[in-house]
Structures are given as C-alpha cells and as structure tokens.
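Let's take a walk through a protein model together. Have the sequence and the 3D view open while you read.

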Amino acid sequence: MNLPLKGLKILDLSTLLPGPYATMLLADLGAEVLRVESASRPDLVRNMTPQVDGQSAAFSYLNRGKDSIALNLKHPEASKLIAKLVAEYDILIEQFRPGVMARLGLDYDTLKAANPALIYCSLTGYGQTGPYRDKAGHDLNYLALSGAASHMGRMDAGPAPMGLQVADVAAGSHPAVISILAAVIGRHSTGEGCYIDISMADNTLAMQALMAPGALNGGADPTPESNFLNGGSFYDYYRTADDRYIAVGSLEPQFRKGLANALNIPDQPPLETAQFKTLLQQKFRRQDLANWCDQLADLDICVEPVLTVSEAASHPQFAARNMIVTQPSGEQQIASALGFAQETIRPAPRCGEQTEKVMEGLNYNASEIEKLRLAGLFD
C-alpha cells in the first residue's frame with residue numbers, strides 16, 4: 001500500500017531507545033530514515049543479547065526499514081556533509097545533551113541556513129533549558145523527578161523499576177513523533193521549518209493526567225495504593241495458586257457484579273473495598289492461573305491473565321491482529337501497531353551499510369570517498 005509518510009526524509013542522529021523508537025514509527029509509516037552513526041562508538045543496543053545474525057534482536061526491531069551512514073561527527077568534514085544532506089531532508093532528530101550539536105556546527109540555526117524548511121527535533125531527558133539541562137538521566141530518573149514514581153508500587157515496598165520504559169517511549173518517542181508530524185502539517189501553510197524541544201521529564205510530568213491536577217489544586221499528593229488505579233482499590237493484580245498473576249479491572253458496577261458472581265462472593269450490597277479485595281485475594285490463591293483462565297475467559301468482566309511476552313505473542317488476540325511477523329531471516333518481530341500494514345519490512349542496516357550509496361547520491365566520486373575514508377570521516 002502507499003504509506004502516508006512516503007517521500008518524507010529523516011536524518012536520525014539518535015541512539016539507544018527514545019530517538020530510534022520514534023524514527024521506527026515514522027519508518028513504519030513510510031518515511032525514509034537515514035541513521036547517522038559512529039563506527040568507532042556503536043549504538044549500545046547493537047550489542048545487547050540475544051543476537052540475531054550479528055545484531056541484537058532489539059536493534060533489529062528498532063531500526064528496521066532504515067538506512068545507515070557511518071560518520072565521525074567530530075571530523076572537520078562532517079558538518080559540511082550533514083549540511084549537504086540537510087538540504088535534501090525534511091527532518092533531523094538528535095538526542096545529544098544540549099550544546100553538543102552546536103559545538104559540532106550542527107545546531108538548528110546553522111543547519112536551517114542550508115534548508116529553511118528543516119524540522120529539527122531535539123529529544124533529551126530534561127530539555128534545552130532549566131538547571132537540569134546538562135544532567136545525564138535515564139527512564140528511572142525522569143519517573144522519579146516528575147513525581148510519577150512517588151505513587152507507583154506498594155506502600156510497604158515503595159516504587160519498583162519497570163521493564164517498560166515509560167518515560168523514554170511514552171514521554172519521549174511519542175511526543176517527538178506527534179510534534180514532528182504537527183510541524184510537517186504546519187509547514188504546508190508556512191513553507192518554513194521549526195525547532196522542537198522535547199523533554200522526557202516534562203512529558204512524564206504531563207502524563208499524570210488523572211492524579212496530578214488534584215494535587216496541584218488543593219488535594220493530597222498521590223502515594224502508592226492511595227487511589228483506585230494504583231492499588232488503592234480492588235483494581236489490582238492477584239496471585240494465583242501457581243504463583244502467577246491475574247489482572248482485575250472490574251471497576252464499573254456491572255463488571256464488579258459479574259466478577260463477584262463468577263467467584264461466588266456475596267457482594268450485595270457492595271462490600272467495603274478492603275473486604276472485597278481480601279476475598280478476591282483468597283479466592284484467586286485457590287487455583288492455578290490456567291484454571292482461572294478457563295473459568296473466566298468467556299465472561300465480559302475485565303479480568304485477564306498476566307502473560308509473559310512469549311505467551312502474549314502466541315495469544316489468539318495478537319495472532320488475529322497479525323502482531324508478530326517473521327522476517328525473511330526467520331527472525332520474529334513485533335509488527336507495526338499503527339494501522340498501516342507494510343507488505344515487507346527491510347531488515348535493520350549494518351553500521352554504515354549505505355555510506356557509499358549516500359555519498360554517491362551527494363555526487364562524491366569513488367576517489368573522493370576513499371580519500372575521506374582514509375582521513376577518518378567514516379570512523
């Protein structure tokens with residue numbers, strides 16, 4: 001099919017997760033993405049395990065459908081080459097600490113001279129301004145500083161690290177994509193590009209849409225297990241007899257009634273929350289997860305098993321949605337969830353795999369490319 005972002009060209013100077021996930025989404029929608037990466041300081045995600053055909057499975061997923069040019073950005077010729085690329089590209093996304101791109105001669109004010117229509121997105125932990133602008137950080141830090149971690153976890157144990165990078169992806173990659181595409185739409189009427197400053201910490205703060213507004217307007221700060229969505233009600237996870245877990249989200253009266261009937265719990269009039277929750281804990285501990293799945297599968301009561309990733313991949317719902325695809329190499333990947341299915345997805349590139357092709361497209365001849373290679377431009 002003709003994907004909606006076909007023809008949009010993106011330079012990706014990011015590494016690790018937030019930037020590459022954002023450009024993966026854009027590539028899945030048809031954009032042409034060129035990764036600019038260092039051959040001497042490879043993206044750490046490449047070296048994660050398990051490896052599939054010489055690259056990590058995570059890297060193959062995050063960078064599918066992209067091209068790669070190896071470039072030493074500290075080389076004197078690098079800024080000239082990037083300026084030539086920018087003249088042909090719509091969007092640049094970078095993930096360096098504030099000030100780094102300026103020192104390399106690659107800041108927005110410099111590059112927009114080569115392309116006034118350039119959309120330039122900086123994706124960082126704390127943004128381009130403020131006292132934390134130069135600090136290093138990770139997903140855990142942004143969750144902590146924004147207040148989000150303060151109402152996660154359990155009262156007796158406190159916040160717990162999550163395997164899902166909420167701040168990196170939900171508060172980093174997704175806002176970057178939204179802002180970039182908004183800028184593309186705006187450019188249609190103005191003809192001009194713009195600079196976008198995305199802070200993962202800012203967006204983590206902003207994502208607390210149900211709890212933060214109350215705390216800012218006279219209410220108490222949320223704490224673990226203090227509200228109906230973070231363990232303060234029966235909306236929670238419950239351990240089963242085989243030490244697996246089941247998720248109960250039966251908040252609405254009709255779902256609660258159906259749950260109580262299914263578990264043979266007398267709940268009319270409705271029990272106090274703590275008492276109802278205790279009875280649920282006792283009931284679920286009496287049988288294995290598989291037995292509960294068999295008993296509750298056909299009931300529309302917002303109760304589901306906590307699956308492993310492998311179990312989720314083979315679940316009938318995700319199978320029906322074609323959410324797992326097999327690459328020609330035999331590698332299993334999660335499909336795009338954006339609603340624009342691709343018939344084929346090109347595998348992730350090797351570092352610098354398209355370097356010569358890109359250079360030739362900029363009218364460098366073989367002799368010039370070799371001279372630049374010997375000079376260390378592609379290290």
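What follows covers the sheet, a helix, some salt bridges and the cysteines.

## Before we start

This is a predicted model, where local features need pLDDT of at least 70 and side-chain atom pairs count only at pLDDT 80 or more, while totals for chains, interfaces and linings use all residues. Residues are numbered from 1 along each chain as its sequence is written, and side-chain values use heavy atoms, leaving out hydrogens and water.

## The sheet

Look for an open sheet of 6 strands, ordered β5-β2-β1-β6-β7-β8, with parallel pairing. Strands and helices here are DSSP runs numbered from the N terminus (strands: E, at least two residues; helices: H or I, at least four). Two strands pair if DSSP finds at least two bridges between them. At the edges sit β5 (67-70) and β8 (194-199), each pairing on one side only. From one strand to the next, the twist averages 20°; angles run from 0 to 180 degrees between N-to-C directions, with axes fitted to C-alpha atoms, for helices over the stretch in contact.

Now for some individual pairs. β2 and β5 are parallel, with 4 bridges, and Val 36 stands opposite Ile 69 in β5. β1 and β2 also run parallel, joined by 4 bridges, and here Ile 10 faces Val 33 in β2. Over at β8, the parallel pairing with β7 (residues 119-124) has 6 bridges, and Ile 119 stands opposite Cys 194. As for cover, 5 of the 6 residues of β2 are buried, where buried means under 20% relative accessible area, exposed over 50% and partly exposed in between (1.4 Å probe, protein chains only).

## A helix across the strands

Helix α1 (residues 18-28) lies across β1 (9-13), β2 (32-37), β6 (91-94) and β7, with contact meaning heavy atoms within 4.5 Å. The helix runs at about 165° to β1.

Together, β1, α1 and β2 make a right-handed β-α-β unit. A crossover is right-handed if, with the strands pointing away from the viewer, the path from the first strand over the helix to the second runs clockwise.

## Salt bridges

Side chains of opposite charge can pair when their charged atoms come close. How many salt bridges does the structure hold? There are 19, each being a side-chain nitrogen of Lys or Arg within 4 Å of a carboxyl oxygen of Asp or Glu.

One of them joins Lys 66 and Asp 12, with the closest N and O atoms 3.9 Å apart. This pair links distant parts of the chain: Lys 66 is in the loop between α2 (57-62) and β5, and Asp 12 is in strand β1, 54 residues apart. Both Lys 66 and Asp 12 are buried. Another joins Arg 64 to Asp 28, at 2.8 Å between the closest N and O atoms. These two are 36 residues apart, with Arg 64 in the loop between α2 and β5 and Asp 28 in helix α1. Arg 64 is buried at 1% relative accessibility, and Asp 28 is buried at 2%.

A disulfide is a covalent bond between the sulfur atoms of two cysteines. The cut-off used is a pair of cysteine sulfur atoms within 2.5 Å, and by this rule the count is 0.

Take Cys 121: the nearest cysteine sulfur, that of Cys 194, is 9.0 Å away. Cys 121 is buried, with a relative accessible area of 0%. For Cys 293, the nearest cysteine sulfur belongs to Cys 302, 15 Å away. Is Cys 293 buried or partly exposed? Cys 293 is partly exposed, at 25% relative accessible area.
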